[in-house]
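Hello,

I am passing a structure on to you, together with some notes on what turned up in it. Please have a look at it first and then read on.

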Amino acid sequence: MSTHGSVPDVLISEFGPRDGLQSVKAVMPTVDKLAWIDALVAAGLRRRDPDAVRALYAEYGPGALALLRDTIHDDSGAVEDVYQQVLLEAWLRGCSYDPARASLRTWLATIARHRARDVARSLR
């Protein structure tokens with residue numbers, strides 16, 4: 001079995017939140033974990049793997065939701081609606097994600113920030 005750093009190839013080829021992602025979290029130092037989580041999720045998004053969206057939601061969703069809550073000051077459920085739009089946009093645009101330009105966390109936050117600004121403008 002070959003490895004990439006400390007991560008066996010099987011973890012990369014068999015992406016899934018219960019298997020590969022959790023295994024990466026268990027065996028790698030924190031900085032390396034973030035890079036491998038990004039790589040696993042990005043590879044899954046490019047393959048249109050539904051597990052990738054679940055992992056994106058689990059790993060980076062809370063930060064995106066917090067950003068939306070801080071930006072959209074509306075109690076009518078707009079935040080949750082925009083959050084769903086952000087995740088859908090990430091799914092649809094996942095194949096165009098470029099890790100050389102930004103981390104997944106930054107990429108998702110940018111999508112969230114743009115959607116939040118659109119909604120905040122419309123609520124004025």
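Tyrosine 83 is buried, at 7% relative accessibility (buried means under 20% relative accessible area, exposed over 50%, partly exposed in between, with a 1.4 Å probe and protein chains only). Before I go on: this is a predicted model, where local features need pLDDT of at least 70 and side-chain atom pairs count only at pLDDT 80 or more, while totals for chains, interfaces and linings use all residues. Residues are numbered from 1 along each chain as its sequence is written, and side-chain values use heavy atoms, with hydrogens and water left out.

The structure has two aromatic pairs (rings of Phe, Tyr and Trp, the last by its six-membered ring, with centres within 6.5 Å; planes under 30 degrees apart are stacked, over 60 edge-to-face, the rest tilted). In one of them, the rings of tyrosine 57 and tyrosine 83 are tilted, because their planes stand at 40°, with the centres 6.0 Å apart. Tyrosine 57 sits in helix α4 (residues 50-71) and tyrosine 83 in helix α5 (residues 78-93), so the pair links parts 26 residues apart in sequence. Tyrosine 57 itself is partly exposed, at 45% relative accessible area.

Overall, the protein has six helices and two strands (DSSP runs numbered from the N terminus: helices are H or I of at least four residues, strands E of at least two), in the order β-β-α-α-α-α-α-α from the N terminus.

Best wishes
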